Amino acid sequence: MVIPPDLSSVQWRKSRHSSGNGECVELADMHTFVAIRDSKDPSGPVLSLPADKWHHFTRSLRDLA
């Protein structure tokens, strides 16, 4: 069982690929987990992934480009 991380004090940052139109994601790097949320809805749902899975995902996306 994976216990969700405590997000109460994390530092959120917007993607550097944000277009500035308000439609972007925000990330919080918590070393062992990466949390992802919609910047338009900061109190909404959060996707939390183990950091190694997030890095694998982003490497896979780069490989597709």
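How do E2 and E3 pair, and over how many bridges? They pair in the antiparallel sense, over five bridges. Two strands count as paired if DSSP finds at least two bridges between them.

**Before you start**

This is a predicted model, where local features need pLDDT of at least 70, side-chain atom pairs count only at pLDDT 80 or more, and totals for chains, interfaces and linings use all residues. Residues are numbered from 1 along each chain as its sequence is written, and side-chain values use heavy atoms, with hydrogens and water left out.

**Stop 1: the whole chain**

Show the protein chain as a cartoon. Its secondary structure comes to one helix and four strands. From the N terminus on, the order is β-β-β-β-α. Helices (H or I, at least four residues) and strands (E, at least two) are DSSP runs, numbered from the N terminus. The chain has 65 residues, and 25% of them are buried. Buried means under 20% relative accessible area, exposed over 50%, and partly exposed in between (1.4 Å probe, protein chains only).

**Stop 2: the sheet**

Select the four strands. They make an open sheet in the order E1-E2-E3-E4, with antiparallel pairing. Strand E1 (13–14) and strand E4 (46–50) stand at the edges; each has a single partner strand, so one side of each is left without a neighbour in the sheet.

Now go pair by pair.

- E1 and E2: two bridges, antiparallel. Find Lys 14, opposite Glu 26 in E2.
- E3 and E4: five bridges, antiparallel. Find Arg 37, opposite Val 46 in E4.

**Stop 3: the turn at His 31**

Select His 31. It lies in the loop between E2 and E3. These two strands form a hairpin with three residues between them. His 31 has a positive phi of about 70°, although it is not a glycine. Most residues other than glycine have a negative phi. Is His 31 buried or exposed? It counts as exposed because its relative accessibility is 71%.

**Stop 4: Val 34**

Move to Val 34, in strand E3 (residues 33–38). Val 34 counts as buried because its relative accessibility is 4%. Show its contacts, meaning heavy atoms within 4.5 Å. Leaving aside neighbours within four places in sequence, Val 34 touches Leu 27, Ala 28, Asp 29, Leu 47, Ser 48, Leu 49, Ala 51 and Trp 54. Pick out Ser 48. It is 14 residues from Val 34 in sequence and 5.7 Å away in space, C-alpha to C-alpha.

**Stop 5: the helix**

Select H1. It lies across E2, E3 and E4, and runs at about 95° to E4. Axes are lines fitted to C-alpha atoms, for helices over the stretch in contact, and angles run from 0 to 180 degrees between N-to-C directions.

**Stop 6: the largest pocket**

Finish with Arg 13, Arg 16, Leu 27, Trp 54 and Thr 58. Of the 13 residues lining the largest pocket, these lie nearest its centre. A pocket is an open set of points on a 1 Å grid over the protein atoms alone, where a 1.4 Å probe fits, with protein on both sides within 12 Å along at least five of seven lines; lining residues have an atom within 4 Å of a point.

The space in the largest pocket is about 420 Å³. Strand E2 (25–29) and helix H1 (51–64) each supply at least two lining residues. H1 gives the largest share, five residues.

Note on methods
Grid points are joined across faces, edges and corners, and a volume is the space filled by probe spheres set on the points.
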